[in-house]
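Dear colleague,

Please find the structure below, followed by an account of what was found in it. I would be grateful if you could read the account with the structure open beside it.

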Amino acid sequence: MEDSKPSNRNSEKGCEMEARFTELCKNELSLDEKILSETMKLFRDCKHMLLTNMSAIGSNTPEELERYWFAFILYSVKRLNEMIADDASHGTDKNRVTLCQILRAVKLNLVDFFKELPQFVVKVGPILSNMYGADWEKKLEAKELQANFVHLCLLSKYYKSAYLYFFKGSEVDKWPATSASSSSHVSDYHRFGWLLFLALRVHAFSRFKDLVTCTNGLVSILGILIIHVPTCCRKFVIEEYPCFVKKKDRGIDLFASLCTKYDTSEDEVKKMTEKAIVLIENILHKKPRLASECKAESLDNIDPDGLMYFEDLLEDSSLSSSISMLEKDYDDAMWNKGDIDERVFINEDDNLVGSGSLSGGAVNIGGAKKKFDVISSPTKTITSPIYTSESPASHSNCIRGFVNTKTAATPVSTAMTTAKWLRTVVSPLPSKPSAELERFLSSCDRDVTKDVIRRTHIILEAIFPNSTLGEHCCTVSLPNANLMDNIWAQQRRMEALKLYYKVLEAMCTAEAQLLHANNLSSLLTNERFHRCMLACSAELVLATHKTVTMLFPAVLEKTGITAFDLSKVIESFIRHEDSLPRELRRHLNSLEERLLESMVWEKGSSMYNSLIIARPALSSEINRLGLLAEPMPSLDAIAMHMNISSGGLPPLPASQKQEISAGQNGDIRSPKRACTEYRSVLVERNTFTSPVKDRLLGLNHLKPKPTPPALQSAFASPTRPSPGGAGETCAETGITIFFTKIVKLAAVRINGMVERLQLSQQLREIVYCLFQQILNQWTPLFFNRHIDQIILCCFYGVAKISQLNLTFKEIIYNYRKQPQCKPQVFRNVFVDWSSVRRNGKAGQDHVDIITFYNEIFIPAVKPLLVEIAPAGTTATTNRVPELNHSNNAQCPGSPKLSPFPSLPDMSPKKVSAAHNVYVSPLRSSKMDALISHSSKSYYACVGESTHAYQSPSKDLTAINDRLNGSRRVRGVLNFDDADAGLVSDSLVANSLYLQNGSCPPPSSLVSVKSEQPES
């Protein structure tokens, strides 16, 4: 009877909840019968998840959790029905419900909605798949919508800052500089500019709303405002304002000056201006005139050549009606295809935007603290210490000669600076192989030039397809909207093509110089290698433009490669492109970290095709879970799927077509050529691991460097002999290198958690050692999971065996502060109950990390923890616990266990445990200037007083007094406020360690009973 009581209570709660949900759907949102029926079906199918997993989404009350669930269900049904009925008549559009309407009805804001949406997607994914098909996630476009929202937040702030630079606001001038949003009234001119920009987004570039294109549009709007807003509203006098630097005989060149200030392309901004003028004609029914024919005060001292002017555009008599017409046009577009009402970013009720952070704390929106630097790419920019160092080839902050010192860097300005690199460095390059590259391609066993050209045409057109008719459904679409999309795609294809040829030539040159040979057949005939290079080039172009509709890993799907494939070329790509801006290096490094931490372990990864050969004992588990990758699709298959015309390009030789289907990984290699015949020297400078990371992790001293494997062996069939010899296959060599990378990444993350938890270095050694043991002996624990899930369980297991008073709640609380944290890591852990055979459960599921620890982790790892236990009391900081391998011997070819690597000082380095103070060494690029006689007097050196007639000791005393004193000093930096630092603790890998002595004696393992992970 007692067991039935909770069931009855849940049933009552479910009925009450369903009644509230029905009331919301019928009365507040007025859903039509079809949508209401599907909404209620989805609600009933997933209601049990809400009742049994009240802590799975949000750290909120049951009432708040219910509102989240209602919003997710309504949005999912709404969006998926819109995608299915995309070709239907728009006669019923007025019955559609927008996301903003849903959120207002359930009293949620956009930030909170996007923060928790991934948890719902994981939980309800199987149900949505049954209702809407296996491709439901692509139709839902949740990631794209979130990226679009983040871009809009950035663009609205960028526009507000630019507007207030040139014009007076009404109440806008009273806003605090650090406020992300305000309920204060914005000026009508400010509102007009934003609405005109939204019209551009809807009608001019509705398909590719990338950040760079949108910024070009905003700059064009600024130009239109400058020549139309009454001069009494200006903050500037044209002759005296510093940004108007390009002078002509007839006045300043307005758009050239704006493009110089904002690092935009003058050609693109002028094209955007032309489109905006057409929209003003079509929507507002205004007639433009040549500016040279007009006598307006706002045109004084501006060169009128090429400018168009509307005489009554922003006059008091027409401004209000113009805003109303733009609002109506946007309303029509919203009903047709809108999700987020983009007017909320300037409207008074912008509380719908919300405040807080997205992407595990990396994207901060609203409030006084805005961490803009972390959102400079569609995917989270790298913040892990493993990637903080840069190549010696890159000393500048961004691009050589292109450092923007005018304003503080923001995500938008950083994107524009990076786009300038594409525009000035890559775009001028030839669109075909250079003479030097052609020489390498023709020097192979057969000339592969035509194959390379054909491949680039098919792959890049698959990544950047042309627009098709019917994709635009706006009421006032420009007549050439599809043409504009096609031009955009063609420009991106050309940029990726030229970058690919440039880096490929650099790689070939380096190989030939070290090999003293020009025949690079083994590398240049490998299909998978070329596709990875093309994917890398295209991803950098997409990352530069911050393209919403092609977020990573879209390039993997388009090119037919896997995450494991791409991870093999990232380091070589970075090394052989010296001019690559720092932000793009960070982006590639962040991608590599994403690949290693989870994507390589996902179902369908080609890593399993190698692992099944390198570790035959794992074959049954890999096959049982269906983890093996599908064969790589041929170029002909991709061309047919994308309906790509070869355009007269030569067909793929028949012999190569046969080898694509014959090779397990789809590698094109002559069967007569052994993998050992040619050894690439790219990896002798280590293609698989960066020398920067080697120095950072201090791993070079652990053992002599073995002869590195050939680059082509990383892409060859896993069964081929490794060029390194020793009887290894290419699969064994590749897996050994891959495991080494995993261990390096884990070392940095373990170290960060040890510092946050203030644990001893002895426990750090034990956790690190346990992680290695699990990777080598219990590799299946990583299948379909995130490496952080294993690390968190290692911490708790070691804490239990060491009788350390450390709860899972504390571990999760501190993990949430790590830069790579995502809530789904500890909320949704994959389990396959059929392999456990307990509790009467079956099938696959996602559970919280405590359930995973108790049901899966401990039964598997308990023997390893018991073996570690005796060492926990006697091991010293510098000694790795001895482990007994008598029962669980190390797998053949596994990396040997190593002590925790020595992590050298990072920059910036925290120098105070009590204050958020960091120091950084002097850059080597400034060292010469510092020591030269001509410039030495301009610098303040260590040991040299910063005040006249004052000793260095007094300087240091004054600094210490400032830091240690109770009096707050007004200024830019507030060292006593933990939230006011330059960077967060999570970015610093070498904080001061806090020792806590030896561990208490170990005891038997105890499962977690009642804790719930911090949400």
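**A covered lysine, and the structure around it**

Lys 568 is buried, with a relative accessible area of 10%; buried means under 20% relative accessible area, exposed over 50%, and partly exposed in between, with a 1.4 Å probe and protein chains only. Lys 568 is placed in the loop between helix 20 (563-566) and helix 21 (570-575). Helices (H or I, at least four residues) and strands (E, at least two) are DSSP runs, numbered from the N terminus. Lys 568 and Phe 738 are 170 residues apart along the chain, and their C-alpha atoms are separated by 9.2 Å.

This is a predicted model, in which local features need pLDDT of at least 70 and side-chain atom pairs count only at pLDDT 80 or more, while totals for chains, interfaces and linings use all residues. Residues are numbered from 1 along each chain as its sequence is written, and side-chain values use heavy atoms, with hydrogens and water left out.

**The protein as a whole**

The secondary structure comes to 36 helices and 10 strands. Of the 1015 residues in the protein, 56% are buried. Among contacts (heavy atoms within 4.5 Å) with a separation of 6 or more, 75% are between residues 24 or more positions apart.

**Nonpolar cores**

A nonpolar core is a set of buried Ala, Val, Leu, Ile, Met, Phe, Trp, Tyr and Cys residues joined through side-chain atoms within 4.5 Å. The largest one holds 139 residues, of which Trp 601 and Phe 857 touch the most other members. Helix 29 (residues 730-757) supplies the largest share of this core, 13 residues. Apart from this core lies another, of 133 residues, among them Leu 145, Ala 199, Phe 310 and Ala 419.

Leaving aside residues up to four places away in sequence, Phe 857 touches Ile 774, Leu 781, Ile 790, Cys 793, Cys 794 and Phe 852.

Helix 23 (residues 607-614) is mostly covered, with seven of its eight residues buried. The buried residues are Met 607, Tyr 608, Asn 609, Ser 610, Leu 611, Ile 612 and Ala 614. Their cover includes helix 20, helix 24 (619-625) and helix 29.

Helix 4 (residues 99-106) is also mostly covered, with six of its eight residues buried: Leu 99, Cys 100, Ile 102, Leu 103, Ala 105 and Val 106. Just after helix 4, Lys 107 takes a positive phi of about 60°, although Lys 107 is not a glycine. Lys 107 lies in the loop between helix 4 and helix 5 (110-132) and, at 65% relative accessibility, counts as exposed.

**The loop between helix 18 and helix 19**

Lys 546, in the loop between helix 18 and helix 19, has a positive phi near 55° and is likewise a residue other than glycine. Lys 546 is buried, with a relative accessible area of 5%. Pro 553 is placed in the loop between helix 18 (527-545) and helix 19 (554-559), and a cis peptide bond with omega of about 15° joins Phe 552 and Pro 553.

**A strand pair**

Strand 7 (residues 829-832) points Val 829 and Val 831 one way and Phe 830 and Asp 832 the other way, and all are buried. Strand 7 pairs with strand 8 (residues 844-847) in the antiparallel sense over four bridges; two strands pair if DSSP finds at least two bridges between them. Val 847 in strand 8 is the bridge partner of Val 829.

**Aromatic rings**

Rings of Phe, Tyr and Trp (its six-membered ring) pair if their centres lie within 6.5 Å, and planes under 30 degrees apart count as stacked, over 60 as edge-to-face and the rest as tilted. The whole structure has 40 aromatic pairs. Phe 167 and Phe 236 form an edge-to-face pair, 6.5 Å centre to centre with 65° between the planes. Phe 167 lies in the loop between helix 7 (142-166) and helix 8 (188-203) and Phe 236 in the loop between helix 9 (211-228) and strand 1 (247-248), so the pair ties together parts that are 69 residues apart in sequence. Both Phe 167 and Phe 236 are buried.

Ring pairs link these two residues into a cluster whose members include Tyr 159, Tyr 165, Trp 194 and Phe 244. The charged end of Lys 261 sits over the ring of Tyr 165, 4.0 Å from its centre; this term requires NZ of Lys or CZ of Arg within 6 Å of the ring centre and within 35 degrees of the ring normal.
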